[in-house]
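Here is my note on the two-chain model you asked me to look over. Keep the structure open beside you while you read.

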Amino acid sequence: MADTGNNDAFVAFERVQKSYDGETLVVKDLNLSMPKGEFLTMLGPSGSGKTTCLMMLAGFETATHGEIKLDGVSINHIPPHKRGIGMVFQNYALFPHMTIAENLSFPLEVRKIGKSDREAKVRRALEMVEMGEMGGRRPAQLSGGQQQRAALARALVFEPELVLMDEPLGALDKQLREKMQFEITHLAHELGITTVYVTHDQTEALTMSDRVAVFNDGRIQQIAPPDELYESPQNSFVAQFIGENNTLEGTVREIKDGLALVQLDDGGLIDAKPVNVEKAGDRTLISIRPERVEFNRERLSPDAHTLKAEVLEFIYMGDIFRTRLRVAGSDDFIIKTRNAPDQRRLKPGEQIEIGWLPEDCRALDAT
Amino acid sequence: MSDTTDTGPVLAADGTPLKRSLRRALRAQKMRALALIAPLLIFVLVAFIAPIADMLFRSVENQIVGNTIPMTVEELRDWDGADVPDEQVFRAMFFDLFLAAEAKEHTKLGSRLNYEQSGMSSLFRTTGRRVDNMGKVFQNAFKEISPQFDDAQFWFDMMSGGAGAEGNARLISNQIGRLERLEATTFSGDVGFVPGAAISDILPNTARAYAAFAAFTHFVNEDVVSEKKPWEAVHAALAVDLEEPATAAALAAYDGPGADALRQAAAAELPPIDMKAAFVDANKDWSRIEYWQVIKTYSPPYTTGYFLNAVDMEKTTQGVALRSDDERIYGLLFKRTMFMSLMITFSCIVLGYPVAWILANLPARKANLLMILVLLPFWTSLLVRTSAWKVMLQQQGVINDVLVWLGLVADESRLVMINNQFGTIVAMTHILLPFMILPMYSVMQTIPPAYLRAAKSLGATNWTAFWRVYFPQSVPGIGAGSILVFILAIGYYITPEIVGGTTGTFISNRIAYHISTSLNWGLAAALGSILLAVVLILYWAYDKIVGIDNVKLGG
């Protein structure tokens, strides 16, 4: 976790709203505060308002209402070039008519930094991203990954305290993306810069961030560290958006000892942990991760409720097995099991009983 | 696999070399591609390349002199140009001109030479009317000596040397060839006349003149040679032959048809032959040495004369020299054309850049609307647009009226904005503006807005971001637009013709004048060739300085 010695928020959104057409809000009442040095990811589907938030922070969009503060100072009326925020763009936006060194030198030139100083800083920044030899090349002569590093170096060369990244790895292939994810996090933590990272890739969000803000419909649905987000989603959107998730609809029968008994729509009974259901009779959506589903009766507690299931499909995926079941009238209930020597391989047509630990299953709002 | 390790050529599966195999496989594809472009290729060749080649050729071509008066050209070769040529030259001119006058080609030669020396046209025209009379003297004299000389068949028999005589086929084919060049056509078929070898040795001039007459009668007049009385020129040629003392001696031994009559004529007293006097009598300009110098200077089949003319120079007896000040117009016109084209290009950049920028940065729907406004001029007739500017800019026009009404300009000192350079630049900038906006727009469209944002996020002000990041990337569009506008402007004709007056016209207006009014196509072609060369040189220079790869018309 990033050091949060300074309790004052470094970046703060206070009741920020944004509308483009004066009729609908793309960002609705956004409140967010980030300590210095944090790596925060804004995650969400397209149109959820995350990029708009980033652009407001960068200064390319103005907030319709509310205040954005940087280090305690409102920056609503500061033009982008005076904010001193580094930014990495989706398609890198390296200036094609300049060499890499000239690209890196650009922010220093406009800051009127002397030539020798400039050269030293550019060299250091290039070495930082292991591109020391590439200064004389043009962006078009570099591979996607190298361009990405150059863009990163350019955003960092003038030593900003805050760096914004707008889906910077979207154009890279999977392997390179994973490598860059690691490098970016590493660099951000090493330099102690505060980073706001926008992506729609949840794996990226989970692996890189100190905290993830999940956006939907112009609101932050949940803001939490990755493990918490994955394991304790606060609502059904987050549960479904982050990771793979099985959902079943039902009604709460009773809530007792912090445990809810849910009656599914086909009559089956199952235990779940109540998250945002309050009383018996509430409609709910229960959510369970595929890897937490158990079909070995012996591993469940004797009084646990189970559901009947029929195996529809068994998919061999190498490290894991993926099995599709029909449960409570739903045909796309997935369970994942590890490929271990003693692991049982289910066959299509087999009738099994499934269950889970009550704390793994969350009873969420039914929307 | 093993094929690739061999040192020999790589073989395909069936043993043929892989390269040949590949060629064969691609042939059908290539043929199809060729067939697809063939219509355009043929069209371009016929409608574009061929006329340009013809124009380039016309700018140096000068065969008319050698084709019309070949013997004179031959005789003038040794003329030193110091004094009026001697009788030999005038005689050659007589025979040349006689044939040319029969073929009615002498006036064309006159017009051609008139480009170089005024007065030439009338000189040839008036003399052409008199050549018949110059020969008439001899025709009458021969008729008096023997009525046989007035008989067509007699002449035919005499010149062909009688049945079974050895013929001089070369002489007649030479004359046919000369006639072909004169008439710029080709003849096929037999004249029905071959000069006798013996008689053409004795009477070379007569044989040549009669052969020319025979060829002309057969091919051009489509008559039977033996039924037509020979021209006055043939009689004159006979007189020339008989003037030679050796001829009488040779005739004494001759026994072909008409030998008696010829001996009779040789013995008789003939009128003196003085073609020089006859020519000067027909038109006294024939005694002016500069006229003859012009004929000699322009006698080779190819000339630099048109090009020299096009750069305000001329050929004189002392060699090539600049024309006198008051005759120099083309240099001025070229300079003016260049200057105005540059001004127009520059105005188009200044006016077009912001429009292209807005077009590229507006949402698609609004951009389309604005685009229609940009393209509107394209859908209006060029003449209408140009005439509209006339209405706008003239002294009693809209702009002047408004200025006077506002009190900015006094009524008696209305601005002169049309029929001068200003008018041409304004009207042409308006007309060519779309050609500047469209390439700039298509280039700007490809510049992502992220670059400007990136620059600003890096700390650049709006202006720095534009100037250092956006502008350099839009230069290819400016380049493409500038080349397009400049090349179109440099050859523009209609607008400067209508609004240019005298000071706002382009070199193209002068070319049009020479094509349609003065009919000096050679000079027009030379001016056009220079214009083409200037454009190519500028294009080359642009490629060297900016690089043609940096020119983008789109994408």
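The points below go through the domains, the sheets, the helix pairs and the contact between the chains.

1. Ground rules first. This is a predicted model, in which local features need pLDDT of at least 70 and side-chain atom pairs count only at pLDDT 80 or more, while totals for chains, interfaces and linings use all residues. Residues are numbered from 1 along each chain as its sequence is written, and chains are lettered from A and ligands numbered from 1 in the order in which they are written.

2. Let's start with chain A as a whole. Chain A has domain 1 at 11-236 and domain 2 at 244-365; such bounds come from an automatic or database domain assignment. Taken over C-alpha atoms, the centres of domain 1 of chain A and domain 2 of chain A are 39 Å apart. Four residues of domain 1 of chain A and seven residues of domain 2 of chain A make the contact, where two residues count as touching if their C-beta atoms, placed from the backbone, lie within 7 Å. On the domain 1 side, one residue is nonpolar, three are polar and none is charged. In this scheme Ala, Val, Leu, Ile, Met, Phe, Trp, Tyr, Cys and Pro are nonpolar, Asp, Glu, Lys and Arg are charged, and the others, Gly among them, are polar.

3. Now find the open sheet in chain A. Its four strands come in the order E2-E1-E4-E5, with antiparallel pairing. A quick word on labels: helices (H or I, at least four residues) and strands (E, at least two) are DSSP runs, numbered from the N terminus. Two strands pair if DSSP finds at least two bridges between them. Strand E2 (27-34) and strand E5 (73-74) of chain A are the edges, each pairing on one side only. Strand E1 (residues 11-18) of chain A runs antiparallel to E2(A), and five bridges join them. For a landmark, look for Phe13(A), which stands opposite Leu32(A) in E2(A).

4. The other sheet to look at in chain A is a barrel. Which strands close it? Five do, in the order E11-E12-E13-E19-E14 (chain A), and the pairing is mixed. On average, and ignoring direction, neighbouring strands of this sheet are turned by 55° against each other.

5. Let's walk through part of that barrel. Strand E11 (residues 246-256) of chain A is joined to E12(A) by six bridges and runs antiparallel to it; Thr251(A) has Gln263(A) in E12(A) as its bridge partner. Next, strand E12 (residues 259-264) and strand E13 (residues 269-274) of chain A pair antiparallel over four bridges, with Leu261(A) opposite Asp271(A) in E13(A). E12(A) and E13(A) form a hairpin with four residues between them, and Gly267(A) in the turn has a positive phi of about 105°.

6. Over to chain B, which is divided into domain 1 (2-52), domain 2 (70-296) and domain 3 (330-550). The C-alpha centres of domain 1 of chain B and domain 2 of chain B are 60 Å apart.

7. Helix H5 (residues 87-102) and helix H12 (residues 232-243) of chain B pack at about 160°, with their axes 10 Å apart. Axes here are lines fitted to C-alpha atoms, for helices over the stretch in contact, and angles run from 0 to 180 degrees between N-to-C directions. H5(B) and H12(B) are therefore roughly antiparallel; angles under 35 degrees count as roughly parallel, over 145 as roughly antiparallel, 65 to 115 as roughly perpendicular and the rest as oblique. Arg91(B), Phe94(B), Phe95(B) and Phe98(B) of H5(B) touch Ala233(B), Ala236(B), Ala237(B) and Val240(B) of H12(B). By class, this contact has seven nonpolar residues, no polar ones and one charged.

8. Another pair in chain B is helix H23 (residues 450-457) with helix H24 (residues 462-490), at an angle of about 135° and with axes 9 Å apart. H23(B) and H24(B) are therefore oblique to each other.

9. Last, the chains together. The contact takes 18 residues from chain A and 15 residues from chain B. Of the chain A side, 13 residues are nonpolar, three polar and two charged.
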